[in-house]
Amino acid sequence: MKKSNSNNIRSIYFTNNLENKDFVNSQAGHHIIRKILVVGAGIFGTILSTIIPLVSGVLLSIIFEDLSDESSFGKTELGLIILVPYIFFLYLAANGIKINTFIVIALISCITIVFIHFIKINTIIQLLPFIGFLVVIVYLGIIIIGTAISFTSVASEIISDFLILSTAILAAIAITGKTDNPQQEQKEIIIYISEIATIFTGYIISRKAIRGSPQFAWIKKIAIFLSATGGTSFYGVDLTDACFDNSHLPHTDFRKAILTRASFKNVTGLELSRLQDTILENPHVRKLLTNPEDGAGKDYTGANFSGANLKGANLAGAILIGANLNGADLTDANLEGANLSKAQLLDVDFSRANLTETCLEDCSKNSRTCFKDVNCKRIYIKQGKHGFLEPKPDSGEFKDGEFERWIDQLQETVDVLLHDFDFNFSGWKALGTALDKTANEYQGINKSRWKIEQKDENVVLAQIGVSPTADKPAIHQSITNYYYNELSIQGHKANILLNPSEKVEIMENKNENPQVSGDLVSGDKTTSGDVNLSGVNLTNSGSMALVNLNGQISNTIQQLQDIKTEKGEDLAIILTALQESINHDSTLSETQKEEALEAVETIAEEAKKTPAERVRKLCSMALNALKGLTAAVTDTSKLATTLKTYLPTLTGLLGL
C-alpha cells in the first residue's frame, strides 16, 4: 500500500494491511492530472460518438432521396412523413426497447406505407433491408452516445450535462458541414434533424441511467466502472470499524470490502463509486448510513443492514419488517415506535438505544444481542391490523433494568418436531399436557412463549421458550415422551416409538434461524402466543386462530375485571358480551369472526390503559371495523344486536 495522509487518498490501491482506518474528511477518486485526462477522454469519446448519428442521418437522407423519385408528394411533405416515425422511434427507444416497441414500429411502418402507397412496391421492398439496417444503427448510436455522456458526467462531477450535450450537437454539425447546392437543402435538413434528435435521445437515456432507471442501470454501471478505473480502491479490504465521516468518495472501488461497523456519516460521492456486494449498493440503505438522522418513519422492509454502523440513528417509527440487522451497531439509536417484526437481530448492539413502543414480533435474537442500558418503557410482541398488540409489561411500564432482564429470558428455545399432530383437537391437548407436566418437573420453561409451525402433513415444529440455564436436552426428551404417551392414552395411533431418537430431533435454537416466523391471528398453519394449551376449548371455533384470539381476549378481560373499578367491570361485561355474540353468530364467516375478534382484542388492550395512555385512534378504528362488519350482515346477526345495544355505553367508557 502506498503511503499517504488521511485527507488525500486519491488514486491509492489499498490492501488488507491497514494500520490506520481513520479516513475522516478524506478526498478519494483521481489525482487532478489523471482526472483531467479521464474527463478529456470522456469528452473526446462523446464527440467521436456523434459520427454514428451522422451515419444514420445520411442513411435516412438516402431513403428520402430514393422515395422522392417515386412519389408525387412534395419534398417537404415527404420529409415530414419520414421524420415523424423516425423521431417516434427515438422516443420509444428512450423509454427502453421492449417487444411492444417493435410492435408499434411495425404499425408505424404500415401507416407510412399507406401514405406512400402509390410508390412502386418494388422500391419499398428494396428499401426494407436498408431501413432495418438504419434502425440498428440508430439504436446503437443512442446507446453509445448515452454511455459516453454518462461516463463524462460521472467522471467530471462538475461539468454541466447540458454543456456536454451542447458540445456533442455542435461537434455533429461541424462534422456534417454545409453544402452550397440548393437542391441538397432538404437532404441536409433531414440529416441535421436526425443527428440532433439522436444525440438528444442519447442524452435522455444518460439522464435516466444516472438517476437509477432500472432499464438503463447497465449503462450507469459501465460509466462508473470506466470513471473509477485508476481511482481509489478498497477492493476486498477489511474496513471493520473504519471511519469515513465527512469524506468525499467518488470513483472509489468498495467491491467485496468488509464494512462491518464502518461509519459513513455525511459522506458524499458514493453514488459514483463501485459498491457491488456491499450494503452500500442499496440506495435507501446508503442514504440512511450517510444521513442517520433522516430515517424516522421511513420504510426499510427487507433491507440489508448487516454489520451497519447506525450509532445514534433516528429510526423512530421506521418500518424494519424482515430487515437484516445482524451485527449492526445501534447504540444510542432512537427506535421509538419502530416495527422490528421478523427482523434479524443476531449480534446487534442496542446499548442505550430507545426501544419504547417498538414491536418485536418474531424477531431473531441470540445471546449476543445486547440490550444494555436501553431506554424502554413498553414494547409490543405482536403486530395487528390496527396497530401493535400485546404490550409488555401487561400493565404499567418497565423500570430501569427490568426490560433487559425480561428480554434476556427470551433468548433461547427448545424446538421439537412432533409427528401425528392432530390439528382438530388431540394434538393440541397432547402438547398442552406434555408442556404442563414438563414444566412441573423442570425449571426454566416459559409457557407464555411458544410457537407451533406446520412442517409437513401432521408434522409440526413446536418451539418452547426456555431460560439460558435450562436443561434443554432433558426438557426436549420430557416433552416428546409426554406428548406420545398422551396420544396413546387418547387412543390415537402414533407412528413413532416412545424413544424419539429415530424420528424426533432436537434443535437447540438461540433464535439464530431467521426463517422461523408465525402470526397469531393469520389463521394459517403457524400460530403462537400466550395461551394455556391444555385448557383450550375448541367447541365453538373452527380454527386455532379463533381459539388463540378467544384465549387472549378472555385473559385481557380478566385483567380488566381485576382493576376493580366500575368502568373496568362495565367494560369487561360489554367486551364479554361482544366476544360471545361473535362466537355464536351463524351469519358471520370464519374470516369475519377473526376480524371482529381482532377489533374486540384491540379495544380490550387499549381499555387496560389509563385514559392518558390510551390510543383513541385505535379504539375508534376497532369500533369502525365492528360497525362495518355488522353493516354487511343481516338483522339476525347476534353481533349486530349486541353492538347496537352497547355501542353508546362503550363509546362513553372509552372516552370517544
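At what angle do helix H15 (residues 590–607) and helix H16 (residues 616–631) pack, and how far apart are their axes? In this predicted model, the two helices pack at about 155 degrees, and their axes lie 9 Å apart. Because angles over 145 degrees count as roughly antiparallel, H15 is assigned as roughly antiparallel to H16. The crossing of H15 and H16 is left-handed.

On the H15 side, the contact is formed by Gln-592, Glu-595, Ala-596, Ala-599, Val-600, Thr-602, Ile-603 and Glu-606. The residues contributed by H16 are Leu-618, Cys-619, Ala-622, Leu-623, Ala-625, Leu-626 and Leu-629. Classified by residue type, the contact of H15 with H16 comprises 11 nonpolar, 2 polar and 2 charged residues.

For the chain as a whole, the secondary structure amounts to 17 helices and 9 strands. The chain has 656 residues, of which 50% count as buried. Its accessible surface is about 30200 Å², and carbon and sulfur atoms account for 55% of that area. When contacts between residues at least 6 apart in sequence are considered, 55% of them join residues at least 24 apart.

Helix H1 spans residues 32–49 and includes Ile-32. The relative accessibility of Ile-32 is 57%, so this residue counts as exposed, the cut-off for that class being over 50%.

Conventions: Residues are numbered from 1 along each chain as its sequence is written. This is a predicted model: local features need pLDDT of at least 70, side-chain atom pairs count only at pLDDT 80 or more; totals for chains, interfaces and linings use all residues. Side-chain values use heavy atoms; hydrogens and water are left out. Axes are lines fitted to C-alpha atoms, for helices over the stretch in contact, and angles run from 0 to 180 degrees between N-to-C directions. Helices (H or I, at least four residues) and strands (E, at least two) are DSSP runs, numbered from the N terminus. Angles under 35 degrees count as roughly parallel, over 145 as roughly antiparallel, 65 to 115 as roughly perpendicular and the rest as oblique. A crossing is left-handed if the near helix is turned anticlockwise from the far one by less than a right angle, and right-handed if clockwise. Contact means heavy atoms within 4.5 Å. Ala, Val, Leu, Ile, Met, Phe, Trp, Tyr, Cys and Pro count as nonpolar, Asp, Glu, Lys and Arg as charged, and the others, Gly among them, as polar. Buried means under 20% relative accessible area, exposed over 50%, partly exposed in between (1.4 Å probe, protein chains only). Accessible areas come from the Shrake-Rupley method with a 1.4 Å probe; for residues, only the protein chains shown count as cover.
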